[in-house]
Amino acid sequence: MLHSEEYLNDSRLDWYNSDFIELMIRRLNLSSLKVIADVGCGMLHWTRILAPYFSASCTIFGIDREPGWIKRCEPQREVFKNRGFDLQLIESEADAIKLPDASVDLVTCQTLLIHVEDRTRVLKEFYRILRQGGAVLCSEPNNLVKSLVIDSLGADQPMDHLLLRVKFELAYAMGKNIKKEGNSFAVEAIPQEMLRVGFEDIRAYLSDRVELKKRDRMDFSGLHFDESEGVLNYARVGGFSETEIIRLQDEQRDRTQRLRDLLLKESFLETNCAMNYLFVGRKTK
Ligand SMILES: C[S@@+](CC[C@H](N)C(=O)[O-])C[C@H]1O[C@@H](n2cnc3c(N)ncnc32)[C@H](O)[C@@H]1O
């Protein structure tokens, strides 16, 4: 199943302030790498955020298991080429990457580990393709937190609607877990999992992932729940009822309209956030 396109859109390019990314690249000494793999690359948004800080002439592998995303990344080849990068696209499972052992300087991913069944298998695979001295950088959110971030209409909403949003996020995460299609709880355990597969010098950071809602991009995806059928099905499996789905959809429709009206009057409305970690490790042996 392709991740909902509404949620894999270019607003992802605005998730971080560029000076924060620049700082992280400098802190982690990632600017002179030659071979980079972005696993679960989707539409390459994460790579597009990082690339300005990589050395020109490096090779970047965009890896995803969905042929649909790989196809949609094709036009980026030319864009990257014009900036001096060699972009190669590979259709591959994250736990069986079609790259040789010790062939990559940096393995990175964003919002991938919350979607995989067995994070340890994926981290082991990252370790395998990294050369000695290489680094792993995983940007992963705890999305449960964002259900508590209430938009500017928050004070107007009945308590049971607010709680319904929290219940929806929990039901979605539980459904995904029950179906063995990801564990979006407990991303906080990733450093421990990295340690177990052999990474060293492990660090965890909170990123400055925020998104200003702007008039030129009427996108409320970060503030609202994803209504795609796949996501609703996870919530159903996690115990969310049809009646609750309809209530949440009605409430969301109403809020979207009110936020849209507000945004037309004022260019910046508010931010939204997800508690987003950056986990880093090194392969030293
Ligand atoms: C939420 S999207 C993130 C896309 C991109 N990293 C970004 O931040 O914009 C998750 C991506 O991981 C891919 N994916 C999920 N499970 C995967 C797996 N086991 N192996 C490879 N790719 C996977 C999906 O197809 C999707 O493109």
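These notebook entries record what I looked up in the structure above.

**Entry 1: the model and its numbering**

I noted that the model is predicted, that local features need pLDDT of at least 70, that side-chain atom pairs count only at pLDDT 80 or more, and that totals for chains, interfaces and linings use all residues. I numbered residues from 1 along each chain as its sequence is written.

**Entry 2: the overall fold**

I looked up the secondary structure and found 8 helices and 9 strands; helices (H or I, at least four residues) and strands (E, at least two) are DSSP runs, numbered from the N terminus. The radius of gyration is 19 Å, close to the 19 Å that the globule rule gives for 285 residues, so the protein is as compact as a globular protein of that length. The radius is taken over C-alpha atoms, and the globule rule is 2.2 Å times the number of residues to the power 0.38. The C-alpha trace spans about 55 × 40 × 35 Å along its principal axes.

I then looked up burial. A residue is buried if 20 or more other C-beta atoms lie within 10 Å of its own, exposed if 12 or fewer, and partly exposed in between, with C-beta atoms placed from the backbone. Buried residues make up 37% of the 285 residues.

For contacts, I used pairs of residues whose C-beta atoms, placed from the backbone, lie within 7 Å. Of the contacts with a separation of 6 or more, 83% join residues 24 or more positions apart.

**Entry 3: the cores**

Which residues touch the most other members of the largest nonpolar core? I found Ile36, Ala37, Val39, Val104, Val107, Leu113 and Val136, in a core of 50 residues. Strand β5 (residues 130–142) gives this core its largest share, 5 residues. A nonpolar core here is a set of buried Ala, Val, Leu, Ile, Met, Phe, Trp, Tyr and Cys residues joined through C-beta atoms within 7 Å. In soluble globular proteins, nonpolar side chains tend to be buried together.

I followed Val104 further. Leaving aside neighbours within four places in sequence, Val104 is in contact with Val35, Ile36, Ala37, Leu99, Ile129, Leu130, Arg131 and Gly134. I also recorded a second, separate core of 10 residues, with Ala171, Leu232, Tyr234 and Ala235 among them.

**Entry 4: helices α4 and α6**

In α4 (residues 119–129), I found Arg119, Val122, Leu123, Glu125, Phe126, Arg128 and Ile129 to be buried. Their cover includes β1 (35–39), β4 (104–110), β5 and α6 (190–197).

In α6, the buried residues are Ile190, Glu193 and Met194. They cover an arc of only 105° around the axis, which puts them on the same side of α6; the arc is that of the directions from the helix axis to the C-beta atoms. The face turned away from this buried side carries the exposed residues Gln192 and Arg196. The cover of the buried residues of α6 includes α4, β5, β6 (200–206) and β9 (275–282). Just after α6, Gly198 takes a positive phi of about 115°.

**Entry 5: the ligand**

I counted 19 residues around the ligand, the closest being Gly40, Gly42, His45, Ala94 and Gln110. The shell divides into 7 nonpolar, 7 polar and 5 charged residues. In this division Ala, Val, Leu, Ile, Met, Phe, Trp, Tyr, Cys and Pro count as nonpolar, Asp, Glu, Lys and Arg as charged, and the others, Gly among them, as polar.

**Entry 6: two positive phi angles**

Most residues other than glycine have a negative phi. Leu44, not a glycine, has a positive phi of about 70° and lies in the loop between β1 and α2 (45–50). Ser57, also not a glycine, has a positive phi of about 80° and is found in the loop between α2 and β2 (59–64).

Is each of these residues buried or exposed? Leu44 is buried, because 22 other C-beta atoms lie within 10 Å. Ser57 has 9 C-beta neighbours inside 10 Å and therefore counts as exposed.

**Entry 7: a loop residue**

Lys179 lies in the loop between α5 (159–178) and α6. With 13 other C-beta atoms within 10 Å, Lys179 is partly exposed. Leaving aside neighbours within four places in sequence, Lys179 is in contact with Tyr234 and Val237.

Conventions. Contact = placed C-beta atoms within 7 Å. Near = placed C-beta within 6 Å.
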